[in-house]
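Please open the model in a viewer and keep the sequence panel at hand. The stops below are given in the order in which they may be selected.

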Amino acid sequence: AEAVLGKDGLSFVQAPVPVLVRPVPHMIESYPGYASVLAAWAFGEVDCLHGLFGAWRHWLAAYRPDAVVCDFSPVAQWSAHLCGYPVMQIALPWELPPGRQHLPVFPHGRGAGREALIATEARVLANSQEVCRREDLPPPGCLGQLYEADRRLVTGLAELDCYGPQR
């Protein structure tokens with residue numbers, strides 16, 4: 001960012017990012033469902049999620065934005081929403097699964113065991129609920145509440161939506 005923005009005199013601040021305890025695959029094929037993506041990016045470890053939520057809470061308090069625009073930033077989006085900031089989500093269709101009790105499985109993940117997927121969902125939900133308990137905030141009742149937004153802009157073609165008719 002410094003090489004691009006700094007030379008033109010634009011100021012910027014590094015967003016909080018998780019310190020991952022293990023490498024995270026960057027190919028979507030590595031994840032059988034959206035809960036697996038959330039688990040890999042901080043929602044899978046309660047202390048990591050809590051620390052990252054705290055970093056976002058302090059970042060938001062320091063800069064007090066009028067609104068937060070997120071493009072696949074699950075923890076930032078969830079944190080901004082919990083802290084009462086208006087949130088706009090710009091998303092590819094796969095980044096915005098239907099909000100319901102169990103998240104859909106990605107087409108390439110249909111061979112994954114349903115029990116393992118449900119266990120991952122339960123862990124992600126329990127970790128987010130624990131962070132809310134520690135912060136005295138209302139906990140989410142389902143995974144869909146982790147990516148609530150005031151406004152959404154889905155960028156993609158309906159024909160390429162991996163959730164398709166599940167919406």
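Select Phe-43, Phe-53 and Trp-78 first: ring pairs link these three residues into a cluster. The model is a predicted one, and a search of the whole structure finds five aromatic pairs. Another of these pairs is formed by Trp-59 and Tyr-63, with ring centres 5.1 Å apart and planes at 40°, so the pair is tilted. Trp-59 and Tyr-63 are four residues apart in helix α3 and are therefore separated by about one helical turn. Colouring by accessibility shows Trp-59 as partly exposed, at a relative accessible area of 24%. Tyr-63 is also partly exposed, with a value of 45%.

**The chain as a whole**

Five helices and three strands are present, and along the sequence they follow the pattern α-α-α-β-α-β-α-β. The chain has 167 residues, of which 37% count as buried. Among contacts between residues at least 6 apart in sequence, 64% join residues at least 24 apart. The accessible surface comes to about 9,400 Å², and 58% of that area belongs to carbon and sulfur atoms.

**Helix α2**

Select residues 34-43, which form α2. Is this helix largely enclosed or largely open? Eight of its ten residues are buried, so α2 is largely enclosed by the rest of the structure. The buried residues are Tyr-34, Ala-35, Ser-36, Val-37, Leu-38, Ala-39, Ala-42 and Phe-43. To see what they pack against, display α3, α4 and α5.

**Helix α3**

Move to residues 46-63, the 18 residues of helix α3. From first C-alpha to last, α3 reaches 26 Å, close to the 26 Å expected at 1.5 Å a residue. Its buried residues are Val-46, Leu-49, Leu-52, Phe-53, Gly-54, Trp-56 and Leu-60. The cover over these buried residues includes α2, β1, α4 (74-82) and α5. Just after the helix, select Arg-64, where the backbone takes a positive phi of about 40°.

**From α3 to α5**

Now display the side chains of Arg-57 and Glu-135, which form a salt bridge with the closest N and O atoms 2.6 Å apart. This pair links distant parts of the chain, since Arg-57 belongs to helix α3 and Glu-135 to helix α5, 78 residues apart. Arg-57 counts as partly exposed at 26% relative accessibility, and Glu-135 counts as partly exposed at 24%.

Stay on helix α5, residues 114-135, and select Asn-127. Is Asn-127 buried or exposed? The residue is buried, because its relative accessible area of 11% falls under the 20% cut-off. Leaving aside residues up to four places away in sequence, Asn-127 touches Phe-43, Gly-44, Glu-45, Val-46 and Leu-49.

**A charged network**

With α5 still in view, select Glu-130. Glu-130 forms a salt bridge with Arg-133, in which the closest N and O atoms are 2.5 Å apart. Glu-130 and Arg-133 are three residues apart in α5 and therefore separated by about one helical turn. At 22% relative accessibility Glu-130 counts as partly exposed, whereas Arg-133, at 56%, counts as exposed.

Glu-130 and Arg-134 both lie in helix α5, four residues apart, which is about one turn of the helix. Arg-134 counts as partly exposed, at 34% relative accessibility. Salt bridges that share partners join Asp-47, Glu-130, Arg-133 and Arg-134 into one network. The structure has four salt bridges in total.

Val-69 lies in strand β1, residues 68-71. Which side of the 50% cut-off does Val-69 fall on, buried or exposed? With a relative accessible area of 53%, Val-69 is exposed, because exposed residues are those over 50%.

Methods: Residues numbered from 1 in each chain as written. Predicted model: local features only at pLDDT ≥ 70, side-chain atom pairs only at ≥ 80, totals over all residues. Heavy atoms only, no water. Helix = DSSP H or I, 4+ residues; strand = E, 2+ residues; numbered from the N terminus. Buried < 20%, exposed > 50% of the residue type's maximum accessible area, 1.4 Å probe, protein only. Contact = heavy atoms within 4.5 Å. Expected span 1.5 Å × (residues − 1). Phe/Tyr/Trp six-rings, centres within 6.5 Å; stacked < 30°, edge-to-face > 60°. Areas by Shrake-Rupley, 256 points an atom, 1.4 Å probe, with all protein chains shown as cover.
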